[in-house]
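Hi,

Here is the model I promised to pass on. Have a look at it first, and then read my notes below.

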Amino acid sequence: MDQSMMKGLVVGGLSMVVLGAGAVGGYRYLQPEVAQVVGVKEVTKTVSTPREVCEDVAVRRQAPVQDQNRIAGTAVGAIAGGLLGSAVGNGSGKTLATVAGAVGGGYAGNQVQKNMQQNDVVVTNERRCRMVQEKTQQLVGYDVTFTLDGKQGVVRTSWKPGDTLPVRNGQIDTTPPAQAQALSQDRS
């Protein structure tokens with residue numbers, strides 16, 4: 001090989017290296033740094049949280065009964081019935097009328113006392129509590145529709161973007177802006 005041919009090969013090889021490096025640099029220069037945001041939609045989820053709800057309720061209860069067997073009502077009724085029966089009857093029928101009046105009056109007195117005891121109520125306030133499920137909407141992120149190199153896509157971010165999204169190495173960067181800034185400072 002002659003010397004001029006050797007020089008041609010060396011110059012040609014160097015030219016290829018320089019052109020290749022320029023092409024790679026140019027390729028990086030041609031890559032977009034941002035994608036245009038077309039739409040942003042909030043993504044939420046329903047969260048159910050248990051919560052106790054309490055309220056005061058008026059409760060009616062029968063008052064405590066002193067005379068469970070209603071002896072007082074029966075006795076008063078029997079005496080009143082017996083007196084009334086003896087006033088009605090004559091002679092030997094008087095005894096029968098007195099006994100019948102006492103039995104009927106005793107029964108009537110018993111029933112009157114029973115009704116009075118049932119209607120004797122005490123009202124108290126009681127606190128009643130129960131668990132309810134409280135549902136709320138929690139923000140999960142944002143579905144962002146974008147265009148990059150004439151193509152449309154969707155990506156989910158944890159932050160609400162502005163008009164553009166950052167692009168790194170031809171891909172959408174979903175790192176939140178504060179974290180992305182911290183990462184770029186760490187690389188410096």
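A definition before anything else: helices (H or I, at least four residues) and strands (E, at least two) are DSSP runs, numbered from the N terminus. Also, this is a predicted model, where local features need pLDDT of at least 70 and side-chain atom pairs count only at pLDDT 80 or more, while totals for chains, interfaces and linings use all residues. Residues are numbered from 1 along each chain as its sequence is written, and side-chain values use heavy atoms, with hydrogens and water left out.

**The sheet**

Strands count as paired if DSSP finds at least two bridges between them. On that basis there is an open sheet of five strands, in the order β3-β2-β1-β4-β5, with antiparallel pairing. Its edge strands are β3 and β5 (171-172), each of which pairs on one side only. In general, strands of a sheet pair through backbone hydrogen bonds, either parallel or antiparallel.

β1 and β2 run antiparallel and are joined by 26 bridges.

**Two turns to look at**

Most residues other than glycine have a negative phi, and most peptide bonds are trans. Which residue in the hairpin of β2 and β3 takes a positive phi? That is Asp149, with phi near 55°, and the hairpin has two residues between its strands. Asp149 is exposed, with a relative accessible area of 62% (exposed is over 50%, buried is under 20%, and partly exposed is in between, using a 1.4 Å probe and protein chains only).

Asn169, in the loop between β4 and β5, has a positive phi near 55° as well. Its relative accessibility is 71%, so Asn169 counts as exposed.

**The core**

The largest nonpolar core has eleven residues: Ala35, Val37, Tyr142, Val144, Phe146, Leu148, Val155, Trp159, Leu165, Val167 and Ile172. (A nonpolar core is a set of buried Ala, Val, Leu, Ile, Met, Phe, Trp, Tyr and Cys residues joined through side-chain atoms within 4.5 Å.) The elements giving two or more residues to this core are β1 (34-62), β2 (121-148) and β4 (164-168). β2 provides the largest share, four residues.

Leaving aside neighbours within four places in sequence, Leu165 is in contact (heavy atoms within 4.5 Å) with Glu33, Val34, Ala35, Val37, Val144, Phe146, Val155, Thr157, Trp159 and Ile172.

Gly39 sits in strand β1 and counts as partly exposed at 24% relative accessibility. Again leaving aside neighbours within four places in sequence, Gly39 is in contact with Asp143, Val144 and Thr145. The C-alpha atoms of Gly39 and Asp143 are separated by 8.2 Å, although the two are 104 residues apart along the chain.

**The disulfide**

How many disulfides does the structure hold? One, where a disulfide is a pair of cysteine sulfur atoms within 2.5 Å. Cys54 is joined to Cys129, with S to S at 2.0 Å. This pair links distant parts of the chain, with Cys54 in strand β1 and Cys129 in strand β2, 75 residues apart. The link is right-handed, with 110° about the S-S bond. Cys54 is partly exposed at a relative accessible area of 28%, and Cys129 is partly exposed at 42%.

**Helix α2**

Helix α2 (residues 71-88) has 18 residues, which at 1.5 Å a residue should span 26 Å (the expected span is 1.5 Å times one less than the number of residues). The end C-alpha atoms of α2 are 25 Å apart, which agrees.

Gly73, Gly77, Gly81, Gly82 and Gly85 are buried in α2. Down the helix axis, the buried residues of α2 fall within an arc of 155°, so they line one face (the arc is that of the directions from the helix axis to the C-beta atoms). Those buried residues pack against α3 (91-119). On the other side of α2, Ile71, Val76, Ile79, Leu83 and Ala87 are exposed.

Cheers
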